[in-house]
Each structure stands twice: as structure tokens, then as C-alpha cells.
Amino acid sequence: MNDVFNEQLVVRQPNQKDLIKKIGIGIAGAALIFVSMMIPILANFFFVVVIAVGAGVVFLVRRYNIEYEYVFTNGELDIDRITNKSRRKRIVSVDVRSFETMVPVKGNAYEGEVSNFTKLHDFSSGVVNDETYAVIFEQGSERIKMIVEPNEQMFKAIRNFIPRKVKK
């Protein structure tokens, strides 16, 4: 039997919520610097406080640079989150044969099939397009809805393993 291997990188697009959080982090950093100027002991170490708070703000803001890597190997789909192009964490590892259904997010034709779930994971770019799919599967006692954005090659590989469960 031939081995099937595909990998894909999906860059998460910043949304309005992320922008608000980044602005909030910047405002909190500025407020922290202002408050430290009012405390006599910290005012003596003003430059150290500014550098420490600035580094903290940069660290927190960079955490919103997120990419998802899909790795599909012989029916097993692994999804890793890559933060700031440096830190990788395995988020999901699932056998596609356990998928109940895989349907496009655009359009209401299959909305009923993906409406009953207990947990939602969005591993897409955040922009709904024709390649954005909703997947329902059970893991333990939870019914999970997962939003993914496979490219054509990844989609075909998944569809070859579960042709009756994938809707186009």
C-alpha cells in the first residue's frame, strides 16, 4: 500500500478581536510605566522598568502571530499551532475515519449536520472562503466541531479515506 503524506501551513489572519487585545496590551504597558513613575522606589529604576515593560508588551503582542500546520499521514490528521514562527504545540491528532461529516462552511445546505457540538476549534485563517470546512467528530465524551482550511491536495487525500463523509 502506498503511504499518503501531505502537509500544509495556514496563516491565521488577525481579526478585530486580536487588534483590540493588542491595543489593550499596549495601553496596559503604558499605564504600568506611568504608575511606576509615581512610586518613588521604582522611579529610581525608570529605564529598567521601561525596558522590562516594553519587552513584556512585545512578547505578549507576538503571541498573536499564529500559524497552523496540518499534517496528514495515512488517515491521521495532526494539527500543530505555531506561535510567532518559533514555538510549536500539537493541538489535535485525530484519525479521519472517526469524522462523522466534513462539510463546507459557506452555504447553509449542511448546517444541521454541524450544529450539535460541545466544543469548537477554529484552525483556519479566520477568513471564510470556499476551502473552509467544518468537521464533526467525537473524542472521548465530547462532540467536537473543528474548522479547517485544507488546500486541494489535502482535501483530496482526506476524501480518499472517507469519501461518503465528505461533502463538497
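Contact here means heavy atoms within 4.5 Å. Keep that in mind for the close-ups below, which come from a predicted model.

**View 1. I33 and the residues it touches.** Let's start with a single side chain: I33 sits in helix α1. Which residues does I33 touch, if we skip those up to four places away in sequence? They are F46, V50 and V53. Take F46: I33 and F46 are 13 residues apart along the chain, and their C-alpha atoms are separated by 8.1 Å.

**View 2. Helix α1 meets helix α3.** Now zoom out to the two helices. Two packed helices are described by the angle between their axes and the distance between the axes. For α1 (residues 16-38) and α3 (residues 46-62), the axes come within 10 Å and cross at roughly 170 degrees. Angles over 145 degrees count as roughly antiparallel, so α1 is roughly antiparallel to α3. The crossing of these two helices is right-handed.

**View 3. Who's who where α1 and α3 touch.** On the α1 side you'll find K22, I25, G26, G29, L32, I33, S36 and M37. Facing them from α3 are F46, V49, V50, V53, V57, L60 and V61. Sorted by class, this contact has 11 nonpolar, 3 polar and 1 charged residues.

View 4. To pick out a bridge yourself, look for D78, whose bridge partner in β4 is S93.

**View 5. Two rings, Y68 and F123.** The structure holds 5 aromatic pairs, and Y68 with F123 is one of them. Their ring centres are 5.4 Å apart, with 70 degrees between the planes, and the pair is edge-to-face. Y68 lies in strand β2 (residues 66-73), while F123 lies in the loop between β6 (119-122) and β7 (133-139), so the pair ties together parts that are 55 residues apart in sequence.

How values were computed
Residues are numbered from 1 along each chain as its sequence is written. This is a predicted model: local features need pLDDT of at least 70, side-chain atom pairs count only at pLDDT 80 or more; totals for chains, interfaces and linings use all residues. Side-chain values use heavy atoms; hydrogens and water are left out. Axes are lines fitted to C-alpha atoms, for helices over the stretch in contact, and angles run from 0 to 180 degrees between N-to-C directions. Helices (H or I, at least four residues) and strands (E, at least two) are DSSP runs, numbered from the N terminus. Angles under 35 degrees count as roughly parallel, over 145 as roughly antiparallel, 65 to 115 as roughly perpendicular and the rest as oblique. A crossing is left-handed if the near helix is turned anticlockwise from the far one by less than a right angle, and right-handed if clockwise. Ala, Val, Leu, Ile, Met, Phe, Trp, Tyr, Cys and Pro count as nonpolar, Asp, Glu, Lys and Arg as charged, and the others, Gly among them, as polar. Two strands pair if DSSP finds at least two bridges between them. Rings of Phe, Tyr and Trp (its six-membered ring) pair if their centres lie within 6.5 Å; planes under 30 degrees apart count as stacked, over 60 as edge-to-face and the rest as tilted.
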